[in-house]
Amino acid sequence: MDPTDAREVSLADELIALGHSLIAERDLDRLVQTVTDVAKRLVDASFAAFFYNVVDDRGEAYALYTLSGAPREAFERFGVPRRTAVFGPTFEGRGTVRSDDITRDPRYGRNAPHRGMPTGHLPVRSYLAVPVMSRGGEVIGGLFLGHPEPGRFTARSEYLIQALAGHAAIAVDNARLYQRMQRTLDTLREADARKDEFLAMLAHELRNPLAPLRNTLKLMEHEPLTDRGRQALHIGARQMKQIGRLVDDLLEVSRITQGKIELRPEPVGVQGILHDVTHALASSLDERGQHLGLAMPSRPVVVEADPMRLAQIVENLVSNASKYTDRGGRIDVELRADGDDAVIEVRDTGIGIAADDLPRLFEPFAQIDTSIERSRGGLGLGLALVKRLVEMHGGRVTAESPGRGRGATFTVRLPQGPAAPGGRPEPAHGAA
């Protein structure tokens, strides 16, 4: 291969590699400085400058520049170039300007007050300027190169800088998009943090009056009341319990999102947890006319978990199933071992879940059915708590449903742990 051809191939490979590295750069300052340094080296310019536009957080635009081959003081007292006959084509994106001797160019020296280069400016005869334009046609800025000797920049120099400007435009576009995305994420994180702080404050403020209200209801239980009064007292106690549960859910979500919950894991027999939870919930489900079934293997299934949090996971799933199941419906809780996992399934014959609702089911405050006639109360926090607690234990939870009116199945998978030392015998199959 001819040495000249070999150099061209090597240069083309270098430009391709450079394009990849520029596109991967997310820091705008480093990016434009790299482009300026490379531009100077590619065409052996005396100096290179990259003037580019930026928009701050308030939406205000202003120009910055980087230099290569010249001290910053060389430009500071002259400010940003104006859109004169020489600079206009670059800043307006009308095309490349290349001159063997800019001082003899008919466009040169036509603008007051300097009528050319101001006193103290870097000496420039050879001049090359290429606009850097985004994919959408926006003029991002311009690359300017100079040399004190005439005739230094050729058609090849022009081609190289145009190729570099193309890579730079894509890279700057990406970097600016990345910065906007980061600012948006920061704003969302800040809003999310404020939301968590508000929920925590709200939960604490709501919790304060609950204790005296509960005590008042307890005292009233020992007072002589009419049948109507006892009924009102019963309703008040039930509603107070519901409010307390909502406040507890708010506090739990707040603690989890702020990283304030610490698990106390230990080897736990899952059969015992399921038996205790279903036994505790049996009476409330019986009041609703719902049937609760429990199926468990005879062989112990053990996980490394916080017993209180594992019970909370199961209780939330069963309570959620009950909430969306009508009188006469059925809820089944099943435990099985599947490979290295302990699998807990909670199935119901309730109102089911539409396919569109499944992806957001475990999001905080999500409600699977918001119609008035199907309002079941609650804040939509129970399943969000389940998901976060399961994930904190190294597991995962999923939901399936054939559709509206056809029930739903929630499946929790947790890694099995070492066998629990001792412990009481676990029940096998049965109904809670």
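Modeller: Contact here means heavy atoms within 4.5 Å. The model is a predicted one, and D101 is a handy place to start: not counting residues up to four places away in sequence, D101 touches R125 and P150.

Biologist: Where does D101 lie?

Modeller: D101 is in the loop between strand 3 (97–99) and strand 4 (126–133).

Biologist: What makes D101 count as buried?

Modeller: The relative accessibility of D101 is 11%, and the cut-off for buried is under 20%, so D101 counts as buried.

Biologist: Why is G269 called buried?

Modeller: G269 has a relative accessible area of 18%. Buried means under 20%, so G269 gets the label as well. G269 belongs to strand 6 (residues 266–269). G417 is 148 residues away from G269 in sequence, yet their C-alpha atoms are 9.6 Å apart in space.

Biologist: How do you know how much of the protein chain is made of buried residues?

Modeller: Apply that under-20% cut-off and buried residues come to 41% of the 432 residues in the protein chain. The accessible surface of the chain is about 23,600 Å², with 52% of that belonging to carbon and sulfur atoms. As for elements, the chain has 10 helices and 13 strands.

Biologist: What share of the contacts comes from residues 24 or more positions apart?

Modeller: Among contacts in the protein chain with a separation of 6 or more, such pairs account for 70%.

Biologist: Which residues touch the most other members of the largest nonpolar core?

Modeller: L274, I344 and F410 do, in a core of 39 residues. Helix 9 gives this core its largest share, 7 residues. Leaving aside residues up to four places away in sequence, L274 touches L294, M296, V314, V333, L335 and I344. There's also a second, separate core of 29 residues, with V35, A39, A48 and Y52 among them.

Biologist: What angle do helix 8 and helix 9 pack at?

Modeller: About 35°, with the axes 10 Å apart, and the crossing is right-handed. From helix 8 (residues 270–287) the contact uses I273, L274, V277, L281 and L285. From helix 9 come P307, L310, A311, V314, E315, V318, S319 and S322.

Biologist: What makes 1 of the residues in the contact of helix 8 with helix 9 charged?

Modeller: The contact includes E315, and Glu counts as charged, so that's your charged residue. The rest of the tally is 10 nonpolar and 2 polar.

Biologist: How do helix 9 and helix 10 pack, and what is the angle?

Modeller: Helix 9 (residues 307–323) and helix 10 (residues 382–392) sit at about 150°, axes 9 Å apart. Their crossing is left-handed. R309, Q312, I313, N316, L317 and N320 of helix 9 meet G382, L383, L385, V386, L389 and V390 of helix 10. The class count is 7 nonpolar, 4 polar and 1 charged.

Biologist: Which residues in helix 10 are buried?

Modeller: L383, A384, L385, V386, L389 and V390. Buried means under 20% relative accessible area, so each of these falls below that cut-off. Just after helix 10, G394 takes a positive phi of about 80°.

Terms used. Residues are numbered from 1 along each chain as its sequence is written. This is a predicted model: local features need pLDDT of at least 70, side-chain atom pairs count only at pLDDT 80 or more; totals for chains, interfaces and linings use all residues. Side-chain values use heavy atoms; hydrogens and water are left out. Helices (H or I, at least four residues) and strands (E, at least two) are DSSP runs, numbered from the N terminus. Buried means under 20% relative accessible area, exposed over 50%, partly exposed in between (1.4 Å probe, protein chains only). Accessible areas come from the Shrake-Rupley method with a 1.4 Å probe; for residues, only the protein chains shown count as cover. Axes are lines fitted to C-alpha atoms, for helices over the stretch in contact, and angles run from 0 to 180 degrees between N-to-C directions. A crossing is left-handed if the near helix is turned anticlockwise from the far one by less than a right angle, and right-handed if clockwise. A nonpolar core is a set of buried Ala, Val, Leu, Ile, Met, Phe, Trp, Tyr and Cys residues joined through side-chain atoms within 4.5 Å.
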